[in-house]
Number of protein chains: 2
Amino acid sequence: MPTVADLGEHQLIQRITKRLASAPWVVVGPGDDAAVVRPRRGTFEVLTTDALVEGVHFDCRFVPPDAIGHRALAVNVSDLAAMGAEPRSALLSLALPATLEIAALDGIMDGLVRVADAHRVIVIGGNVTRSPGPLMLNLTVTGTVRPRRALTRAGARPGDEVFVTGSLGDAAVGLRSLQQSCEPAASREASYICCEERYLRPDARVRAGLLLARNRAASSCIDLSDGLADGVRQLAAASRVGITLDAGAIPITDEVRGWHERHGGNALQTAVAGGDDYELLFTVRRSQLGRLRGATRRLSNLPITRIGIVTGGSDLLLSDEMGKHELPVGFEHFR
Amino acid sequence: MPTVADLGEHQLIQRITKRLASAPWVVVGPGDDAAVVRPRRGTFEVLTTDALVEGVHFDCRFVPPDAIGHRALAVNVSDLAAMGAEPRSALLSLALPATLEIAALDGIMDGLVRVADAHRVIVIGGNVTRSPGPLMLNLTVTGTVRPRRALTRAGARPGDEVFVTGSLGDAAVGLRSLQQSCEPAASREASYICCEERYLRPDARVRAGLLLARNRAASSCIDLSDGLADGVRQLAAASRVGITLDAGAIPITDEVRGWHERHGGNALQTAVAGGDDYELLFTVRRSQLGRLRGATRRLSNLPITRIGIVTGGSDLLLSDEMGKHELPVGFEHFR
């Protein structure tokens, strides 16, 4: 199979850029020293950057190329969603091992272009280099938000209620199911396909973030890349508050419960500590619950669940029928 | 020696962010899901992204940490300079091997902060992840340019004169000198220190780019990351013109000539094909040469040299006392 090393740098760049859409506000697109864009009037700009590294963030044995491209853009778009921003442009920086097949590169672009189209993100530039080690994708995504409408992690106050979009633990179960499928003795089950899809091709909650920001329903917001416990911890630290979660309220799908019934372990623990769900965790002042209902109505397909309350002090607790416990520590990527 | 693996992710991020400056236009800086900035009025935005990969773009045996941080930001700022843009913000994405010493990380930040301060670039956000292989730095830099003042590669026309800032081949000689210093039998010479410095800590020609764009002196511009031949080829292709260079006019320093006298090889060839100089190559309409003189006067420390002429057709030629020859092919990074 031909690899990227069979293409010259210019051919490689052409192969990538011919897949990309443009827009009237792009004054200079890919191919020059830098991109030039006309800003959107009356908005602040929101920028984020995030890398996907082979062997750290994905395993090529069970993550197909299109899912790599999908995730690389989706995790960045999710960061913008958490700020209540509307995505606009992206810069794609690739470090490619010489052994990467051209078909795999095309697959990566398939996934990336799919997410870009879904969220109307224009790839305005980038960089391609060789990697002597793992495949790496670094995406920088920009978006826009009205002045003073950006959602940060720092706005929660005691008494605010805590909400989460969608369901939790699905991506963690999906990852374990995919990992099992690579084990030699694995008898493949097809029944965790929704969880696997959640892991492989996460949806960024852009519409939810936009609605929460535009009608000022949320007082703070974060996206759950490293799990609920980690998100709660970071949001509470930035806002200098405590949070008590109601264990029984945490939204867990039947597929996640079914996995644990079959394979042991604890669905609640997976929902609290499992990463990669890319749901939004946010807080709402009690006086603004009407605004939240307005936003929820317009998100008919995405459940919004109240899972706890913001408190004074700095305690992070999980409350269940047995009482209140310390929230488990979320994992840190680096160690 | 303690390594980055001895720090948790949050400690690591704190160690980096405490080094960073801020500015009044940064509404939300590092530490949230994304950065929020107030755009600069009346300008278009210019964005570029570029990666530095250990083993591809630098060799840790002779490139000290501060030079890695310096280069990572400078090569991106140089792309903005080539567009005539004023640098403004940066996003820093790091993929760190667990074996990287904390002192090396601090050194990288020293170099990066030095370039950021020199060009008044504010690091508004970023990402840190672990690398199972090489150290990688991905920088995204934004800047501003007045509408219709951006310099692109595409504006050269037959009859325009071709200019270059500074001198060429220095960084290539610096690299070879540094490589020799690692060889077992090396008797270290201190006399190529300027060339080595050019390789290790390149200056981005921001002021030159700004002056050429603001007074509309240049018709096209590119920065020389992969050598003069490659830059000429790319500028000519984008502008759909030919270019004839005058070999005798290409600015070569005594240090570069001295290296070749001692070690053999050809100074002109190094100046034409050697990479990493980050000088600006640009074209000027004959009717605008007065504007160029205006810009040159304000760049008293930076030589500007006329090295050729833009022609019709698509031939890329090097002319010397023996006649006209085809311009050698510049190297491509990828193969």
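Contact here means heavy atoms within 4.5 Å. On that basis, in this predicted model, A:L327 touches A:A229, A:V232, A:R233, A:L245, A:V272, A:L316, A:L317 and A:L318, with residues up to four places away in sequence left out of the list. A:L327 belongs to the segment that follows strand 13 (323–326) of chain A. Its relative accessible area is 4%, and since buried means under 20%, A:L327 is classed as buried.

The interface between the two chains was examined next. Here 69 residues of chain B are in contact with 69 residues of chain A. The area buried between chain B and chain A is about 5400 Å², and 61% of it falls on carbon and sulfur atoms. Four salt bridges are counted between chain B and chain A. One salt bridge joins the side chains of A:D32 and B:R153, with an N to O distance of 3.7 Å. Polar contacts between chain B and chain A amount to 19 residue pairs, both residues being at pLDDT 80 or more. On the side of chain B that touches chain A, the most is given by strand 3 (residues 44–53) of chain B, with nine residues.

B:F163 lies in strand 7 (residues 161–165) of chain B and B:F282 in strand 10 (residues 280–284) of chain B, so parts 119 residues apart in sequence are tied together by the pair. The relative accessible area of B:F163 is 7%, which makes it buried; B:F282 is buried at 0%.

Arginine side chains also lie over aromatic rings. In chain A, the charged end of A:R71 sits over the ring of A:Y199, at 4.6 Å from the ring centre. In chain B, B:R71 lies over the face of B:Y199, and the distance to the ring centre is 4.6 Å.

Most residues other than glycine have a negative phi. B:R120, although not a glycine, has a positive phi of about 50°. B:R120 is located in the loop between helix 3 (102–118) and strand 5 (122–131) of chain B. Its relative accessibility is 69%, so B:R120 counts as exposed. B:R216 is likewise not a glycine and has a positive phi of about 55°. The loop that holds B:R216 runs between helix 6 (206–214) and strand 8 (220–223) of chain B. With a relative accessibility of 43%, B:R216 counts as partly exposed.

Key: Residues numbered from 1 in each chain as written. Chains lettered and ligands numbered in written order. Predicted model: local features only at pLDDT ≥ 70, side-chain atom pairs only at ≥ 80, totals over all residues. Heavy atoms only, no water. Helix = DSSP H or I, 4+ residues; strand = E, 2+ residues; numbered from the N terminus. Buried < 20%, exposed > 50% of the residue type's maximum accessible area, 1.4 Å probe, protein only. Lys NZ or Arg CZ within 6 Å of the ring centre and 35° of its normal. Buried area = accessible area lost by both parts, 1.4 Å probe. Polar contact = N/O pair within 3.5 Å; in protein donor to acceptor, adjacent residues only side chain to side chain.
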